[in-house]
Amino acid sequence: MNVSYRGIKKEISPKLQEKLDAKFAKISKLLEKRGEKEAHVVVSSENRMHKAEITMQVYGHPLVGIETDADLFTAMNGALDKLDKQVVKNCAKFRAKVRRSTSESEAKNGAAELVGVVASSEDGAAQKVFRVNHLDQRKPITLEEALLEMGKDEDYVVYQDAEKQCVAVLIRRRDGHFDLIEA
C-alpha cells in the first residue's frame, strides 16, 4: 500500500512505523481485489494534541478515519482502527450486494441449485443432487389448491398442507388417479 504522510514534524521510530505498516497491510489485504492501494495521512498538532486524519478511496467512495490524542502514535492507531471498521463494513456491503444480485437473477431464470455431490457410482462418475424447485417463501395450501397447481404436465407436487401443517406429496398415477403421501 502506498502511504503518504503530511504534517509529521519529528521522525516516527522504526518500531512504531512497523506497527503502522502492519495495520496498513491488513487494510490493503482487504482491498487487494480492487487495486485501491493509496492512503493519505495528515497530522496536525494544536495545543499538544495530535489530530490524525487518514483518507482512502474504497470502491469509489472516500473513507476517512479521524482521531485526536495527546500521543501521535495513539492518534494514528485510533484513526487506522476507525478506517479498518469502515473498510470491513464497506466490503461486506459490496459482497452482500453482489451475492444478492446473482441469486435473484438465478431465481428469475429458474436455474437449479447444486445441493451436494453424492458418493460416486459404479462407473466412477459422481452423482450430483440439484434442488430444482427451491421457492422458500411458499405459504401452506390445501389439497384442492395443490391439484389446481399441479397442472397437466407435472407428475407430482410437493407442498405444505394448510390443514394438517405437514409436508405432503401429491403424485399422479398412470391410470389418472392421484396418490397422496403425508409426512
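Predicted model: local features only at pLDDT ≥ 70, side-chain atom pairs only at ≥ 80, totals over all residues.
I take helices (H or I, at least four residues) and strands (E, at least two) as DSSP runs, numbered from the N terminus. Residues are numbered from 1 along each chain as its sequence is written, and side-chain values use heavy atoms, without hydrogens and water.

**Entry 1: Asp161**

I located Asp161 in the loop between β7 (156–160) and β8 (167–172). Asp161 is buried but has no salt bridge. Buried means under 20% relative accessible area (1.4 Å probe, protein chains only); a salt bridge is a side-chain nitrogen of Lys or Arg within 4 Å of a carboxyl oxygen of Asp or Glu.

**Entry 2: Ser28**

I found Ser28 in helix α1 (residues 14–30). Is Ser28 buried or exposed? Ser28 is buried, because its relative accessible area is 11%. Beyond neighbours within four places in sequence, Ser28 is in contact (heavy atoms within 4.5 Å) with Met1 and Lys37.

**Entry 3: the largest core**

A nonpolar core is a set of buried Ala, Val, Leu, Ile, Met, Phe, Trp, Tyr and Cys residues joined through side-chain atoms within 4.5 Å. The largest has 23 residues, and Ile27, Leu31, Ile54, Met56, Val58, Met76 and Val87 touch the most other members. I recorded nine residues from α2, the largest share of this core.

Note on methods. Buried < 20%, exposed > 50% of the residue type's maximum accessible area, 1.4 Å probe, protein only. Lys, Arg positive; Asp, Glu negative; His and termini not counted.
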